[in-house]
Amino acid sequence: MESVNYWAVKIAEATVPDEVDLAPLIAQAYINGGQEKEALFQQSKGGVLGAFDPASTGVSIIQWVFHTISQAEPVLFHILGAASVQVALYIHDRLSHKHELESLTDDTYIQLKIFADSVTNKLQPLGLPAEQCELIAYRTLQVLLENPPSAKVFIKNLGDSSK
Amino acid sequence: MNSSNTLKFNPLIPWLWFWLVFYIIYTPDRIADWINTLEHAKHKMPQAYNFTLQIQPLLSTLTNIGEILPDIAVFIGVLTIFIPKLRTLLINRELKRRYKCTINDPPNIPAFSEIKEFLSPYSKNIKIYFTLGNVTPFVYPIGFRDSAIVIPASLVKLWRSERSRAEAILLHEIAHCIHGDVIIVGAGSLFEKIFKYFLPISILSFIIPHILLTILNGVYFYNKYTALGVPPLSIIYTRLTSFITITLPGLISLTTAYLLWITGTFMLPIAGIWCSELYADRFAMEASMSSKGLRDALDKQQARFSWRHHLFSCLSHPPPNLRKWFSEKYNSKYSFPILFAAIYPMAYLVKLVILLIWDIFVNITTGKYLDNFPGNIDIILNSLKENINTYFHVLAPTYLAMSLIFLVWPITVRYWEGYFSGLNKAYNHASHKIYISCSIIMGTLYLFST
């Protein structure tokens, strides 16, 4: 069974490649919970310690991806365990055909849309365009679908930190 | 990456330290002034009414305390410079309280190893730390010589996505360590914090006694004239008219004068702080041989959240537009001499102008300049001329010191920066001519002032 670090790196490589170095650290901090986890999401408007404000250095977003995965545990478990996993694979192999996706009405697609919307809701306030947020969502799913049983363990680890 | 051993840096005078040394030298005189001010406060009548109230001497004293509070604020800030370990405690506390994070040892990840390798040519005496918190990179002292730089996760990401911007930001921060600024300014600096907290306290401690006195005067006259049988409405009307036409303009004028006084008090340390920030920007450009990274970082700076935030930010950093302007002049042959020669010495002239305007406001408020105006214009002009002469005369030792420092700095800079950085940098000796010219100018000013 792959480790937390493995999944953190895989997800970062697919979604935010610039944060690959940090992904294992951030994932572990998220799973550890408590103040370590809180620090990942703390925003302080106006408080600047150095000569440049946060807009100059940018913000890391991989923790928000992990957070969305953890919050969407039931949805993801449904997708990963879907009897119609072939449909899911069909969809994720054709990510560029958005109009085709939107024409599907089955339950699996609805779950996909819920997950994509939750990622967009979390990442768009950080300044990412909606299209990029959707891309991150679907690439995350692509990675998780490579090994659903192991992915479920990773998702559960993230989810347990919220409890 | 360019090694500091192959580059030649322009030696820039640490004006902030220059200000600090002179501030410490004049501290005994300063304390004597405060004692004198407080002693005379009890006898000073802020308003020309011939009555006595037990509370009035107290309010007069409070007003005078308000006048010296800005200076006391700077003094306390200077005292905290001598307790660098306190900064470490304060930084850790602020990180926990505001950002919910801690400072950690560097993680064993490739990006961080690259960052450490990038910084290593610029300093041996700097500890490098890491934090997962959403902060910007910052430096703080861990002793009188050694300092630390904290690199957040966001910068590690930036290192991968926009290398030149990340390098510029890192070089700016490391420059403060090399130049010896960190012990005075930087994250957790009480020196800067005190400016921020004392500003509203000073204003309130000055204004509130004046407002209270106005109210007490009103109550006094109301009681006095009602006892004499004057209709209450008539008294209220008279007092209100007096308030609007005399008292309120006087309060506005006094408050404006007070704000000018505060500006004059903070002018020089803030000029020193701005110099240290602009020099750090300059170092970042020289070390990377390009202004692109720094300009990109400054372009991304957000518009300040409010005018209040903008004002307090200016206490610790030059406005972003000014930094951008200097970065655009990177290749200009005038930006270098302007940077090190003009800003700090010019601050003395700006301070003179502010104090002259303050003096005019005070004399208008007390009525001194308004008596027989414009017939007394010669007296006013002579008074201003005398103030200017006195100011330059008092500054004579400062001009002499500036002249000497321009002369010796190209030689001594390597020892100064070597002490803080542990490295031996190469310096651009072509700038010697500019230094000698500035030394002559300051020497001339000294002779003119004595």
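In this predicted model, the axes of helix 7 of chain B and helix 10 (residues 292–299) of chain B come within 7 Å and cross at roughly 90° (axes being lines fitted to C-alpha atoms over the stretch in contact, with angles from 0 to 180 degrees between N-to-C directions). Helices here are DSSP runs of H or I, at least four residues, and strands are E runs of at least two, numbered from the N terminus. On the helix 7 side, Ser164(B), Arg165(B), Ala168(B) and Ile169(B) meet Lys292(B), Gly293(B), Leu294(B), Asp296(B) and Ala297(B) of helix 10, where contact means heavy atoms within 4.5 Å.

Helix 7 (residues 163–179) of chain B also packs with helix 6 (residues 153–161) of chain B: their axes come within 6 Å and cross at roughly 135°. So helix 6 of chain B sits oblique to helix 7 of chain B.

Zooming out, chain B has 15 helices and five strands, and its C-alpha trace spans about 90 × 55 × 35 Å along the principal axes.

As for bookkeeping, residues are numbered from 1 along each chain as written, with chains lettered from A and ligands numbered from 1 in written order. Local features need pLDDT of at least 70 and side-chain atom pairs 80 or more, while totals for chains, interfaces and linings use all residues, and side-chain values use heavy atoms, leaving out hydrogens and water.

Conventions. Parallel < 35°, antiparallel > 145°, perpendicular 65-115°, else oblique.
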